[in-house]
Amino acid sequence: MTRYVALLLAALAVAGCAAGSPPSVDDLLRGGGLSPGAPLTEARIAQGLKDALRVGTETAVGVTGRRDGYFGNARIRIPMPPELETLERTLRRVGLGAEVDRFVLGMNRAAEQAAPRAKRIFWDAIAQMTIADARRILNGPDTAATDYFRARTTAPLTAAFRPIVGRALDEVGVTRQYRALVARYNRIPLARPQAVDLDDYVTARALSGLFLVLGEEEKRIRTDPAARTTEILRDVFGRRS
């Protein structure tokens, strides 16, 4: 790992001095010459890092953005908002559990529709990677790249996800179901009114689940040879020690 980091950072530093400003990994790669099986040059190491990030993000988006990507995964399934737990318990006690279940399913379907939008935003962040970013990722823990994405992409992902989530919630009937559930709950004697911003809640939970899956995929690429699905990933990460 030490040799791997040193080679990449040296190459990035040289490129930075020549350009007069911190280069991105893309700057280092311009010029080609990265055929499979080539010597483990600085440019090839940089390409391996980019490939690892792209493979990881594409897999994470693919896993979450398909049907049951959220709902079928207990680790990231979006539950009833905490603010509505009293509402949920009360409605289930009076025989409205099926309606609550449909509501929860709809929130997860909305997240699944939004997830594919993350790919472009993640890849834009990869293209903007600098020397400091590379140092933190390569010297960092098993989820260093995921931490990089969380810091760089949460704001644009939220902006991209929220309108999609809002439309999806309407399309799958969640907004209507929510209003109906609240209306039924409020008719129960002594019930306290409940309210929550569903668009914000589902968007935040969708991103949390996406980053969780991305972190797990990053760990696999770093530690499991079977997760290295391209020649350059096998070449670079197979010779890191």
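The model is predicted, so to speak of local features we need pLDDT of at least 70, and side-chain atom pairs count only at pLDDT 80 or more, while totals for chains, interfaces and linings use all residues. Residues are numbered from 1 along the chain as its sequence is written, and side-chain values use heavy atoms, with hydrogens and water left out.

The overall fold, then. The chain has 11 helices and 0 strands, taken as DSSP runs numbered from the N terminus (helices are H or I, at least four residues; strands are E, at least two). Of its 241 residues, 48% are buried, meaning under 20% relative accessible area with a 1.4 Å probe, protein chains only. Among contacts (heavy atoms within 4.5 Å) between residues at least 6 apart in sequence, 79% join residues at least 24 apart.

Next, the core. A nonpolar core is a set of buried Ala, Val, Leu, Ile, Met, Phe, Trp, Tyr and Cys residues joined through side-chain atoms within 4.5 Å. The largest one has 54 residues, and Met-107, Phe-122, Phe-149 and Val-202 touch the most other members. Helices supplying at least two residues each include α3, α5 and α10. The largest share, 10 residues, comes from α8.

Last, α8 itself, residues 144–171. It has a kink of about 60° at Thr-153, shortly before Pro-156; the bend is the angle between axes fitted to the seven residues ending there and the seven starting there. After α8 comes Gly-173, with a positive phi near 85°.

Conventions. Buried means under 20% relative accessible area, exposed over 50%, partly exposed in between (1.4 Å probe, protein chains only).
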